[in-house]
Amino acid sequence: MKWEDICSRCGLCCHEKTIYPDALEIALDAPCEFYDEETHSCRVYESRFSRCPRCEKVTPFKAAFSRSLPDTCAYAEWARRHHIRFRKRQELILSSR
C-alpha cells in the first residue's frame with residue numbers, strides 16, 4: 001500500500017485552521033481554492049504543492065507530531081494504531097466563521 005492510500009479524503013486538511021493549546025479549530029467555510037466540495041478532493045492534486053503554498057505533504061513524522069491534523073485524520077489514526085502518535089488528543093472545533 002502506498003502512503004497516500006491511507007488518506008480517507010475527509011478534506012479537513014484543505015480548510016483554514018486555528019491551533020489553540022488544547023484544540024484545533026477548522027473553518028468549514030474557508031476551503032482551499034482547489035478543494036472540490038462534492039468529491040472532497042483536490043482539483044490539482046498532482047501539482048498541489050507548487051500551486052497552493054499552504055498545502056503541506058503529510059509524512060509519517062507529521063502524522064506523529066502535527067497539531068494541524070485532527071485526531072480523526074486517517075494519518076493520525078494510523079500513527080496512533082502504530083503507537084507513534086505523540087500529540088495529545090485535542091478538542092476538534094468545526095466552525096463557520
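Residues are called buried at under 20% relative accessible area, exposed at over 50%, and partly exposed in between, with a 1.4 Å probe and protein chains only as cover. The structure described here is a predicted model, in which local features need pLDDT of at least 70, side-chain atom pairs count only at pLDDT 80 or more, and totals for chains, interfaces and linings use all residues. Residues are numbered from 1 along each chain as its sequence is written, and side-chain values use heavy atoms, with hydrogens and water left out.

Leu28 belongs to strand E2, residues 23-31; helices (H or I, at least four residues) and strands (E, at least two) are DSSP runs, numbered from the N terminus. Together with Leu92 and Leu94, Leu28 forms a nonpolar surface patch with about 220 Å² of accessible area in total. Such patches consist of residues with over 30% relative accessible area and no salt bridge, with like charges joined within 9 Å and nonpolar side chains (Val, Leu, Ile, Met, Phe, Trp, Tyr) within 5 Å. A salt bridge here is a side-chain nitrogen of Lys or Arg within 4 Å of a carboxyl oxygen of Asp or Glu, and accessible areas come from the Shrake-Rupley method with a 1.4 Å probe, where for residues only the protein chains shown count as cover.

The backbone of Leu28 also meets a histidine: the side chain of His15 reaches the backbone oxygen of Leu28 at 3.5 Å. This is a polar contact, a pair of N or O atoms within 3.5 Å; within protein, one must be able to donate a hydrogen and the other to accept it, and residues adjacent in sequence count only if both atoms are side-chain atoms. His15 lies in strand E1 and is buried, at 7% relative accessibility. Leaving out residues up to four places away in sequence, His15 is in contact with Ile26, Ala27, Leu28, Ala30, Pro31 and Tyr35, contact being heavy atoms within 4.5 Å.

Turning to the helices, Arg48 sits in H1, residues 48-51, and is buried, at 11% relative accessibility. A polar atom of the Arg48 side chain lies 2.6 Å from the backbone oxygen of Tyr45. Beyond neighbours within four places in sequence, Arg48 touches Glu4, Cys42 and Cys55. In helix H3 (residues 74-81), the buried residues are Ala74, Tyr75, Ala76, Trp78 and Ala79, and their cover includes helix H2, 60-65.

The model also holds four aromatic pairs, in which rings of Phe, Tyr and Trp (its six-membered ring) have centres within 6.5 Å, planes under 30 degrees apart counting as stacked, over 60 as edge-to-face and the rest as tilted. Trp3 and Trp78 have ring centres 5.0 Å apart and planes at 85°, so this pair is edge-to-face. Because Trp3 lies in the segment before strand E1 (15-19) and Trp78 in helix H3, the pair ties together parts 75 residues apart in sequence. Trp3 is partly exposed, at 22% relative accessible area, whereas Trp78 is buried, at 18%. Ring pairs join Trp3, Tyr75 and Trp78 into a cluster.

His40, in the loop between strands E3 (35-36) and E4 (41-42), has a positive phi near 55° and is partly exposed, at 37% relative accessible area.
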